[in-house]
Amino acid sequence: MKPLENKLPFYAIAALLFAVKTYMVYRFTFDLDIDNFLQEIILLVNPVATALVLFTAVVWFNVNRQIKYTRRIAVLLSFILYFNVLYFRSFSDFLTIPVLFQTNNVGDLGSSITTLIQLQDIWMFLDVIVIYVLSRYVSRDMQPLHTKAKLRASVIAVALLVGNVVLAEIERPMLFVRTFDREYLVKNIGVFNYHLYDIALHSKSKAQRVMADGSEIKQIEEYTDKHMKSDQPSPLEGVAKDKNIIYISAESIQSFVINKKINGKEITPFLNDLIENSYYFNNFYHQTEQGKTSDSEWVVETSLYPLSRGAVFFTHSENETNAVPEIVSNHGYTSAVFHANNKSFWNRSVMYDTLGYDEFFSESAYEVTPDNSIGWGLSDKDFFKQSIKHLKSLEEPYYTKFITLTNHFPFEMPEEQQTIDKYDSSSSTLNNYFTTVKYMDESIEQFFQNLKDAGEYEDSIIVIYGDHYGISENHNKAMSQFLGKEITPYEHVQLQRVPLIVHIPGHEDNRTISKVSGQMDLKPTILNMMGIDSEQGVSFGTDLFTNDVDPFVVLRDGSFITENYLYTRDTCYDRDSGEEVESTHCEPFKAKAQTELDYSDSVIYGDLLRFYNAEYKESSETETK
Ligand code: GP9
Ligand code: MN
């Protein structure tokens, strides 16, 4: 064969082969869900852009090293891709740096690796073979390219990659800030850029951890003990001892729907009745930020604030957490989460281990078909129904959490399943919302019946909380039409209230409690109810059933609510009337709110609970000796 006089075809062939291979892996091995045309385009552009960036880098090497570089990069990238394929076959997920160092994950993979490797996988290395063969025919005495040509090649490649990222941001706004799902990241920026992103995220949190020392946690614990911990015994102390705990994380439900009607029909008839036989908190705020559902889980299980950007579930999944599942496991409870979504969403597969959950029943534990799906996936009614067998398989007492999904933006409900009229306003989001909220109400009602039929109700305490808002500020006009009042910044904060219902079968002393409270308060409350509050540790919440600590709820954006005032966007309001008042009223609380957020951030960034937990374990060991 005649030597390839011009090297460009050689690099172009190498890049093209690699791009085609990567695309085929995305399309057929990872089986990424493609929902629209833009996603299709992104999936096509990404392998080309990545291959061009990596392979055109060759122009900057001297002529002799160009061929070597091309061969090596082809081998390296092929192995990275192949390793992801093997990992995906085993876990339906993508590799992360923490996972690489988690012995149990990679250990599992190690033992089964021979079963994962398949003979036909050889196709994944065909391009490498072609590149090696072709490289022998490339002329070794070519003149190097002019700097202008080198620049041109690199600029085109990088521009294509930037175009890819821009398209990804259009398709999934805040993709990089929220980092909600590895599958979305891989789908939008490709597996190689995803790894770079993961490395950056990991290095940043590692650096902050290294700088931290153990002295700060003592100071923070003293602060939370002094300002949040109630000295009063809770009237419900020990009421949940040895009982099962069932949390229902109710997707996107806000308090404004409770006891409200559309065209004369109650939106939440079951919850409205349930409230009469339960404790209902009508001034209970969600405290989530960009991590949405995962933030609510974080707050409820750890009593720490979420971060102001990103999701703790992603950024700090290796931290020590002293979370409720871990604590209750040490007291004979089996802990489990039920959620019929892909297990990598919000990094749950990793994070639930960190929080100490024993079991996670994710999408793969359910039978999901087009017929039983609505919107995001398995319908809540089917989800609850199918969960019962898994629930029954758990050893009692159990501590469980059921995460619903159907009442999720964009609130789709097939017409034949709608049991309430849509609202009539300029916002189709708000109009649809009531139909899925009504569906949630029915599915929770059905779940109560499922629990009763399965004999799981009597010995359980059921706690239902809204995870975060469903209707954003973009719909203020329609919202103000529904509520019959203007949505001022004060009203906006009031709309961050979500229902909290604590239902204890057979309990008499039920009532609606109006004290200002937040998701942060659930950890101390539930531990107190279980009679194990002494282990709550650093907690920014207060038992909901005690009254000796002044109510103070801080939202992640720095807004806060006290008994008498509400502060948001640099303005102080009277909590009852919503009237603006002198800023001096809110002034003393501003510093306190900031201190709490800063302390909580320090705990997370510095992974400070590792010091606390080490010390705690040591002292409890000496006590038992
Ligand atoms: C996805 C579900 C919804 O698994 O938790 O996530 P969200 O968008 O509400 O955070
Ligand atoms: Mn949610």
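This is a predicted model: local features need pLDDT of at least 70, side-chain atom pairs count only at pLDDT 80 or more; totals for chains, interfaces and linings use all residues.

Me: Then is Tyr-357 buried or exposed?

Reply: The cut-off for buried is under 20%. Tyr-357 has a relative accessible area of 5%, so the word for Tyr-357 is buried.

Me: How many aromatic pairs does a search of the whole structure find?

Reply: Rings of Phe, Tyr and Trp pair if their centres lie within 6.5 Å. Going through the whole structure that way, the number of aromatic pairs is 47.

Me: And what kind of pair do Tyr-352 and Tyr-357 make?

Reply: A ring pair is described by the distance of the centres and the angle of the planes. Planes over 60 degrees apart count as edge-to-face. For Tyr-352 and Tyr-357 the centres are 5.3 Å apart and the planes are at 70 degrees, so this pair is edge-to-face.

Me: How far apart in sequence are the parts that Phe-411 and Tyr-433 tie together?

Reply: Phe-411 and Tyr-433 form an edge-to-face pair, with 4.9 Å centre to centre and 75 degrees between the planes. Both of these residues are buried. Phe-411 sits in the loop between strand S10 and helix H17, while Tyr-433 belongs to helix H17 itself, so the parts tied together are apart in sequence by 22 residues.

Me: Which residue lies over the face of Tyr-469?

Reply: Here we're after a charge over a ring, where NZ of Lys or CZ of Arg has to be within 6 Å of the ring centre. The residue over the face of Tyr-469, at 5.3 Å from the ring centre, is Lys-292.

Me: Let's switch to strand S17. Which residues point the other way from Tyr-565 and Tyr-567?

Reply: In a regular strand the side chains alternate between the two faces of the sheet. In S17, which covers residues 565-568, Tyr-565 and Tyr-567 point one way, and all the residues on both sides are buried. Pointing the other way are Leu-566 and Thr-568.

Me: Which residue takes a positive phi in the hairpin of S17 and S18?

Reply: S17 and S18 run antiparallel and are joined by 4 bridges. Thr-568 stands opposite Thr-571 in S18. The hairpin has 2 residues between the strands, and the one with a positive phi, near 45 degrees, is Arg-569.

Definitions and conventions. Residues are numbered from 1 along each chain as its sequence is written. Chains are lettered from A and ligands numbered from 1 in the order in which they are written. Side-chain values use heavy atoms; hydrogens and water are left out. Buried means under 20% relative accessible area, exposed over 50%, partly exposed in between (1.4 Å probe, protein chains only). Two strands pair if DSSP finds at least two bridges between them. Rings of Phe, Tyr and Trp (its six-membered ring) pair if their centres lie within 6.5 Å; planes under 30 degrees apart count as stacked, over 60 as edge-to-face and the rest as tilted. A charge sits over a ring if NZ of Lys or CZ of Arg is within 6 Å of the ring centre and within 35 degrees of the ring normal.
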